[in-house]
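The entries follow the order of my reading.

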Amino acid sequence: MSDTSDNKRFVRKKRIRISLVVEVAFFFLLGLVITGILSYLILKNATNESIKNQKMRQFEQAAYGAINDMAEYYSYDWILGYWIEHAYDMDVEYDSKTITDQKTVEFAARHPGLVIKTALPEQIEALSEEDQRIFAEIVYNEVLLRFNHIKSGQEVEYIYLLATDDTYTNDMFLVSGSDVVKPRGSNYGDSYILGTRVTSTPSQVDAMKQAAEFKTHIAETEQYMDIYVYVGNISGMNLFVGVTYDLNSYQTEIKDETMHGVTNFVLLQLVLSVICLLLLFFFTIRPLKMVQSNVRHYRDYKDSDEVIDRMESIRSLNEIGDLKDDICEMVESIDEYMTEIRNITAEKERIGAELNVATKIQADMLPSDFPAFPDRKDFDIYATMDPAKEVGGDFYDFFLVDDNHLAMVIADVSGKGVPAALFMVISKTLIKTRTLVGGSPAEILYDVNNQLCERNDSGYFVTVWLGILDLTTGKGVAANAGHEHPALCKKGGSFEMVKYRHSPALGTMQGIKFREHDFEIEPGDRIFVYTDGVPEATSAENELFGEERALAALNRLLDPNLPDLLVHVKEEIDGFVGEAQQFDDITMLGFDYYGPNGKNE
């Protein structure tokens, strides 16, 4: 913008305001639109009910026709019970009757005078097991062909007879009609063969329960609509005749009939809409396009003066005129904000660059070359630190005090970010420097605590676990200043927490005496120490990882090396936390003791 325009502010002109809603309502004759929508909805609902009633009548014809056909057999209950109990023993013929006719002739020859439809259960029970089976197979084929005939005469996707237990979930199909279009089998979409078992959906279960109480209930899925009629309870199973309709066909019928009813109304409304759209274009759309063009011009060239001048050609007295005024004010404000944003962005980039440097400096302060002591055969050590922010407050350290004594440190500074990282640098430096001077862990922490308390106006503190181990004997001394309990794994055993009374954290109060804990490890033992980022890792459900999960993760792998062990624990934490944000630094240190004779011994 020029110097002159820097001092110029767009002034909103006062004028008569006509609501855009009023104009649009006039052009589109809102009454016709509402009438059209209501007509469509009413006609659609009426069509839906009409077709649903039609489907119910078809269902009743198909289902009760199938039931009446089966009821013609005097041994109706015995036959159904036999099918249920011997579904996998029967040799049935599907969709033809050549073999069944032969069986019928042979059966009639062996039992003259015994009519299949009028045979009584006691007469069938008197037959041999083979003849009972043949009798059931003959009836099955006759019923199956009748189901096929019913299916071909009705507009149904499936018609079937199924048996289910009292939970209505474990279904066994007995008879399933087919028009030879769908294959027969036990896969989804087939016309099911005898004995096919499936699991009902919740809506199907509810529909069968309603049908068992002689109430009509429909089960709908994304593809099908199922309707059931209850047959009875035979051999401990509930029997239903079911009919399935293709919902796509069902919806198509509704759509076709509805669209046919509203076609004439739509044609009338189309003519009115053309007229309204022409008026709308000249009085609304064209001014809006002018506004849009100017907004895009500003987006491309960022020239607020030119945009304001071009906007003056818009003379609308409605909301479009108000929009024009708002945009003119906005582009002037954007010019001012852009300058401010550039300054903020430059400052943010500078801070980001400094944070990257701080992250690199902090990482370089922690031992990161492994193996850390390649010439030593009496122990191995490995550690990791994953900060929650760019820089963290956790730290670990390990170093040889002399040839025979190893110091191990793991600590957690209160707070996060840059202030915690600065306090971490001071704490780490003081602990290492004091430890190299000599003395017990309690004496070291006593002196470091006094130094940290001096001028600690910010109130930061640090929890510390410090252990000094004699590598020749396996005897060590540890001091715990408010830190997590270490975990110890004896050779051939599993990790267990070593719990003892803690001392307060460093930096809380001057002159504190720190407790010491003597311990002794043997060749093959392993130590694991960590910060509270491990047990306090929190899932999306606000549940803590905890010590028990930490121990389970440590004991999950069989004899892993230290890097694999720490990586595995971190993977278990990540899997538990999931998508939840990491709120705390996660630091872990593992130590293996092999003894003076080395790992092989």
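For the classes used below, I count Ala, Val, Leu, Ile, Met, Phe, Trp, Tyr, Cys and Pro as nonpolar, Asp, Glu, Lys and Arg as charged, and the others, Gly among them, as polar. I note at the outset that this is a predicted model.

Entry on the second largest pocket. By these classes, I find 10 nonpolar, 8 polar and 3 charged residues in the lining of the second largest pocket. Its volume is about 400 Å³. I looked up the lining, which consists of 21 residues, and noted that Phe173, Tyr188, Tyr192, Gln204 and Asp226 lie nearest the centre. At least two lining residues come from each of strands S1 (158-164), S2 (170-176), S5 (197-199) and S7 (224-234), and likewise from helix H8 (202-212).

Entry on the largest pocket. I read a volume of about 780 Å³ for the largest pocket. Its lining comprises 36 residues, and those nearest its centre are Arg526, Asp559, Pro560, Asp592 and Tyr594. I sorted this lining into 18 nonpolar, 7 polar and 11 charged residues. Strand S9 (379-386), helix H15 (562-577) and strand S18 (586-593) each supply at least two residues of it. S9 gives the most, with 4 residues.

Entry on glutamine 362. I located glutamine 362 in helix H11 (residues 319-365). Is glutamine 362 buried or exposed? Its relative accessible area is 5%, and the cut-off for buried is under 20%, so I record glutamine 362 as buried. I also looked up alanine 421, which is 59 residues away from glutamine 362 along the chain, and found their C-alpha atoms separated by 7.7 Å.

Methods:
Residues numbered from 1 in each chain as written. Predicted model: local features only at pLDDT ≥ 70, side-chain atom pairs only at ≥ 80, totals over all residues. Heavy atoms only, no water. 1 Å grid on protein atoms, 1.4 Å probe; cavity = no way out; pocket = protein on both sides within 12 Å on 5 of 7 lines; lining within 4 Å. Points joined across faces, edges and corners; volume = space filled by probe spheres on them. Buried < 20%, exposed > 50% of the residue type's maximum accessible area, 1.4 Å probe, protein only.
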